[in-house]
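Reader: I have not seen this structure before. Would you please guide me through its main features by way of questions and answers?

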Amino acid sequence: MYLLGIDIGGTKYHVRAVPHKGRPVDLVTPSQGNLHALGVKAMAKQLTLLVRRMQSRLGTRAYPAAVCAGISGLDDTRTVRALSAAMQQEAWWRHVDPNARGLVNDITIGLRAGTPSSFGIAILSGSGSNGYGVDPDGHEASVAGRGLWMADEGSGAQIGIDALHAVRCAEDGRGSRTLLTDMVFRHFRITSTQELLPTLLSNTFHKSDLAAMNELVEHSAQEGDKMAKEILHRAANELLLMADTLFGRLSFSRELVVDTVLIGGTINKNRVVLNLFLSGARKRRWMRSIPLSDDPVAGAIELARATVQ
């Protein structure tokens with residue numbers, strides 16, 4: 001007997017099994033793509049592959065007693081229905097009690113990992129960004145989460161793009177000089193932005209590569225670079241705006257303090273972004289910021305556990 005939690009993110013897949021007796025077992029692999037990139041049938045196959053690998057790790061052919069998967073890109077009921085139909089073609093899924101299996105957006109498991117409360121707000125800032133909230137009446141709302149072309153403000157990838165813009169503007173003379181120029185040039189081993197174009201346009205350059213650049217911006221900001229500071233201020237303000245918007249759209253009592261869980265590597269590991277967000281949060285009496293200390297997959301385990309209690 002074991003519980004199974006799955007976190008399908010933009011940069012990694014994380015599976016956690018919690019046996020009835022014994023310690024949790026974790027399996028982490030590089031992401032093969034989110035739901036939008038793979039489609040429902042391919043995602044169903046990926047989930048099956050992950051479950052088989054976990055069964056091998058556990059040394060059992062037994063199916064989980066309960067499972068919850070938090071999946072990036074699972075944003076609407078139509079997609080949930082489509083993925084649920086695809087999952088019905090997978091034998092292991094059919095063997096789990098229908099009342100003990102769940103498919104949710106990855107930000108939902110992140111919220112549950114950060115607070116035991118039945119309501120709250122989650123702000124995700126990793127390679128992408130997203131905001132989600134649920135109020136005491138069970139009403140839900142989401143903001144952003146539409147990718148680089150529409151809504152990835154405050155994400156690591158957007159910070160990376162802003163850094164590239166700043167470097168090109170400085171190179172042209174259209175913008176201020178910035179430490180980011182030397183940082184980016186050393187990072188990519190180039191001497192001009194012209195040399196960077198083949199890399200950016202190649203099939204091997206991904207969103208995660210953009211997101212990794214947020215570390216360069218963090219370091220430049222800590223060295224006092226004005227442009228880097230502006231980029232990170234903008235990112236933190238966008239994430240605060242997500243929280244404010246969710247608070248306004250949902251029905252939280254004005255007397256309540258709302259747990260606001262911070263999810264993802266950008267907001268939790270970029271110390272400049274985190275400190276700017278926490279500074280802004282302190283000005284909002286309704287907000288209790290909770291940087292997520294555990295992995296979001298812990299929330300998937302708790303949601304799975306709730307179905308068998």
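Predicted model: local features only at pLDDT ≥ 70, side-chain atom pairs only at ≥ 80, totals over all residues.

Reader: Which residue in β4 is the bridge partner of Leu3?

Author: Strand β1 (residues 2-8) and strand β4 (residues 66-71) run parallel and are joined by six bridges. In β4, the partner of Leu3 is Ala66.

Reader: Which residues of helix α14 are buried, and what covers them?

Author: Helix α14 spans residues 297-306, and its buried residues are Val297, Ala298, Gly299, Ala300, Ile301 and Ala304. The cover over these buried residues includes β1, β2, β4 and α5.

Reader: How far apart are the closest N and O atoms in the salt bridge of Asp26 with Arg16?

Author: Side chains of opposite charge can pair when their charged atoms come close. Asp26 is in strand β3 and Arg16 in strand β2, ten residues apart, and the pair links distant parts of the chain. Asp26 is partly exposed at a relative accessible area of 31%, whereas Arg16 is buried at 12%. The closest N and O atoms of this salt bridge are 2.7 Å apart.

Reader: How many residues apart are Asp295 and Arg16?

Author: The side chains of Asp295 and Arg16 meet in a salt bridge, at 3.8 Å from N to O. Asp295 counts as partly exposed, with 29% relative accessibility. Asp295 is in the loop between β10 (287-291) and α14, while Arg16 is in strand β2, and their separation is 279 residues.

Reader: Which residues are linked with Arg16 in a network of salt bridges?

Author: The count of salt bridges in the model comes to twelve. Arg16 forms one with Asp26 and one with Asp295. The residues linked with Arg16 in the network are Asp26, Asp294 and Asp295.

Reader: Why are Arg168 and Glu171 separated by about one helical turn?

Author: An α-helix has 3.6 residues a turn, so residues three or four places apart point the same way. The side chains of Arg168 and Glu171 meet in a salt bridge, at 2.7 Å from N to O. Arg168 is partly exposed at 38%, and Glu171 is partly exposed at 32%. The separation is about one helical turn because the two are three residues apart in helix α6 (residues 156-172).

Reader: Is Ser125 buried or exposed?

Author: Ser125 lies in strand β6 (residues 120-125). Leaving aside neighbours within four places in sequence, its contacts include Gly154, Ser155, Leu239, Ile263 and Thr266. The relative accessibility of Ser125 is 0%, which is under the 20% limit. Ser125 therefore counts as buried.

Reader: What distance separates the C-alpha atoms of Val167 and Thr193?

Author: Val167 is in helix α6, and it is buried, with a relative accessible area of 2%. Not counting residues up to four places away in sequence, Val167 touches Leu180, Thr181, Val184, Phe185 and Thr193. Val167 and Thr193 are 26 residues apart along the chain, and their C-alpha atoms are separated by 7.9 Å.

Reader: Which residues lie nearest the centre of the largest pocket?

Author: The largest pocket has a volume of about 1500 Å³. The elements that give two or more residues to its lining are α1 (35-38), β7 (129-134), α9 (207-212), α10 (214-222) and α12 (265-269). Of the 47 lining residues, those nearest the centre are Gly10, Thr11, Gly126, Ser127 and Gly128.

Technical notes. Residues numbered from 1 in each chain as written. Heavy atoms only, no water. Pairing = 2+ DSSP bridges. Helix = DSSP H or I, 4+ residues; strand = E, 2+ residues; numbered from the N terminus. Buried < 20%, exposed > 50% of the residue type's maximum accessible area, 1.4 Å probe, protein only. Contact = heavy atoms within 4.5 Å. Salt bridge = Lys/Arg side-chain N within 4 Å of Asp/Glu carboxyl O. 1 Å grid on protein atoms, 1.4 Å probe; cavity = no way out; pocket = protein on both sides within 12 Å on 5 of 7 lines; lining within 4 Å. Points joined across faces, edges and corners; volume = space filled by probe spheres on them.
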